[in-house]
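Welcome! Take a moment to look over the sequence and the model before reading on.

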Amino acid sequence: MTDTTSNQPVGSTATDKARASELSAVGRFLKATELDTRMLGMVGALLVIWVGIHILSGGLFLTPRNLWNLSVQTSSVAIMATGMVLVIVMRNIDLSVGSVEGVIGMIMGVAQAEFLIRVVGFQLGNPWLWIIALAAGVALGLLIGAFQGFIIAYMEVPAFIVTLGGLLVWRGMAWLITSGRTVAPLDTTFQLMGGGPRGSIGATASWIVGVVACVAVAFMLLNGRSQRKRFHFPLRPVWAETLLGVVACAAILGAVWIANSYPWPIGIVRQYAQQNGITVPEGGLYIAHGIAIPVLMAVAVGIIMTFITKRTRFGRYVFAIGGNPEAAELAGINTRWVTMKVFMIMGVLAAVSAAISSARLNASTNALGTLDELLVIAAAVIGGTSLAGGSGTVMGAMLGALLMQSLQSGMVLLGIDSPLQSIVVGAVLVIAVWLDTVYRKRV
Amino acid sequence: MADKIAPATAPITAAPGTPLIDMRNISIAFGGIRAVDDASIDLFPGEVVALLGHNGAGKSTLIKILSGAYKRDAGQIFVNGEEASISNPRDAKKYGIETIYQTLALADNVDAAANLFLGRELMTGWGTLDDVAMEAEARKVMGRLNPRFQRFKEPVIKLSGGQRQSVAIARAILFNARILIMDEPTAALGPQETAQVGELVKQLKSDGIGIFLISHDIHDVFELADRVCVMKNGQVVGTARTTDVTQDEVLGMIILGKCPPGAIPGPGALKIAA
């Protein structure tokens, strides 16, 4: 987004012309680490927003509790934003994701709370309840995506129109399923996907996840280096590799530490102690939340989607088609099928988001996911996905989702009225894209 | 990984008299306009055939039929004497037909290696993209074409016109093409790069590759081509050895459709009232 690093080379006032031709210290640093300045700018903007809201709210924002909640609130939109990146990279748009999320949430709710119990005769708490409900939701997402994708790719109706129709159709379907009635409560295991004290993995498991992630980061850096060595390609300097690894691991372990610093509320601790026959000691029992399950799901989706975009043939084709559809066609790529597959992925991701959102509500309502399409598109665009097609990153879109959610929940903390919230979010979207346009022209 | 070493199809075994490519009576219409009308053209191994004509004469369209970008309405294509069915770019590549398009047809947002292997990526044993191996191959082939080229990490939109051109050429020769179609290959190039392309054409020719060259530059054509084929209004005016006709006569074919004595007239030749 904002390019905070290279606007002002260090000691810019004293820089003479001769030095200007060389790289500044910042420039050398960026070249050595091969970091994306746009991504750094986004992280910078996010930190500015966080610190700003923290100060304005009198120290309420950067607390383990708020950050933990923020991570859970972001998951659903972040997951869909990763799919929206592919859709927009291919020069399409999907306006239907919020409604698709709604109809799938409804189907999953009805399946586990009514259909499987009354019609099939499962007992409450049967593990198959949530498994079948989730599988049915994912399958439905795949089908809806395939259906819309087919109309877009093979019948050549513009994606804007197809998904605008979808926005209305699927929302209507969500209402029709129960004639507008809300379905609750949901299966207790299914609810874990919504987070909360029980929907988190606890301190020990969180540390294990963190350490495994750090090992994976180190392995990837080393593997990349040895691969490049094998072909005698230019390598990053060792200090740059080390720095990258250390920063990444610090960020991972820091996030785990924050999640582990947020204890269960006293009431739930007491209930838990009673159920398990533990006597609560004098000072109270400290049980940490740890990483929430929806956050883990979002991270997993992020990793899988990054892998798909960077390391698979399909991902390469998505970007090539976005860059030059005609060239992709001439290279022998089946562009229609790739288009259809992108919408199928989008449908599946909408299903995962539907599971998280409805589990968090512990209910399926026909309004689930209303206006989410706009948040998802905004997250992808703020995250650097170009509406002209051909460029965008999964990581950026997830950061974009986090940024949007930070703004929104920050404004709630500050007690800003909801109409004003909309105004701010809308303005931020436009400003972000404008800054991005300026950045692209300069580079 | 093996497919980059092995030729795209069987080696050339046909008798020397068999053309590499024989397009017979090709026609295609867009709406009511006959862009190519009953055109026939052939190409022998190690030969450069130049296609000449005004803008809209049908040369690019004819060539796009061969490369699979357009589907012909009528006519046959023979590759090495055997009838070939080419209905999309993948088919054409299977027959070893590679094309360098006038627009270059590069995906601007990805790097040189990704463009070279677009549609034919090298994969690792895990079924993932082998970017390192692709970059290595890219460095090899680009080193041959444009030794000073170093910008392998940048999207091709950031490259200069000549660099982009060399990426497009590298893509065509990377997979051991037997038939190369070059549509205005030097249009975006400076004099030095144009000379490089000329050298490359001669080298490929000596390897037994047949080349269709579409060009506006008649000097280029006389330097590189063995034969010229002139088109006008979608029809072939005539075909001639470059040794049998003068540049002025070829210009006459392009502008007036007048077939000189050294050329074999086609259906589009001006009928002179006897």
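Is the crossing of α9(A) and α10(A) left-handed or right-handed? The crossing of these two helices is right-handed. Please keep in mind throughout that this is a predicted model.

**Two helix pairs in chain A**

Let us stay with that pair for a while. Helix α9 of chain A covers residues 202-230, and helix α10 of chain A covers residues 238-260. They pack at an angle of about 165 degrees, and their axes are 9 Å apart. Because angles over 145 degrees count as roughly antiparallel, α9(A) is roughly antiparallel to α10(A).

You can find the meeting points in the 3D view. On the α9(A) side, the residues include Ala203(A), Trp207(A), Gly210(A), Val217(A) and Arg225(A). On the α10(A) side, look for Glu241(A), Leu244(A), Ala248(A), Ile252(A) and Asn260(A), among others. By class, the contact of α9(A) with α10(A) has 14 nonpolar, four polar and two charged residues.

A second pair in chain A is formed by α6 (residues 127-153) and α15 (residues 335-361). Here, too, the helices pass each other in a right-handed crossing: α6(A) with α15(A). The contact of α6(A) with α15(A) divides into 20 nonpolar, seven polar and one charged residue. The table sets out the packing of both pairs.

| Helix pair | Angle | Axis distance |
|---|---|---|
| α9(A) and α10(A) | about 165 degrees | 9 Å |
| α6(A) and α15(A) | about 150 degrees | 7 Å |

**Chain B as a whole**

Now turn to chain B, which has eight helices and eleven strands. The radius of gyration of chain B is 19 Å, close to the 19 Å that the globule rule gives for 274 residues, so chain B is as compact as a globular protein of that length. Its C-alpha atoms fill a box of roughly 70 × 40 × 40 Å along the principal axes. Of the 274 residues of chain B, 46% count as buried. Among contacts in chain B with a separation of 6 or more, 65% are between residues 24 or more positions apart.

**Where the chains touch**

Methods. Residues are numbered from 1 along each chain as its sequence is written. Chains are lettered from A and ligands numbered from 1 in the order in which they are written. This is a predicted model: local features need pLDDT of at least 70, side-chain atom pairs count only at pLDDT 80 or more; totals for chains, interfaces and linings use all residues. Axes are lines fitted to C-alpha atoms, for helices over the stretch in contact, and angles run from 0 to 180 degrees between N-to-C directions. Helices (H or I, at least four residues) and strands (E, at least two) are DSSP runs, numbered from the N terminus. Angles under 35 degrees count as roughly parallel, over 145 as roughly antiparallel, 65 to 115 as roughly perpendicular and the rest as oblique. A crossing is left-handed if the near helix is turned anticlockwise from the far one by less than a right angle, and right-handed if clockwise. Two residues are in contact if their C-beta atoms, placed from the backbone, lie within 7 Å. Ala, Val, Leu, Ile, Met, Phe, Trp, Tyr, Cys and Pro count as nonpolar, Asp, Glu, Lys and Arg as charged, and the others, Gly among them, as polar. The radius of gyration is taken over C-alpha atoms; the globule rule is 2.2 Å times the number of residues to the power 0.38. A residue is buried if 20 or more other C-beta atoms lie within 10 Å of its own, exposed if 12 or fewer, and partly exposed in between; C-beta atoms are placed from the backbone.
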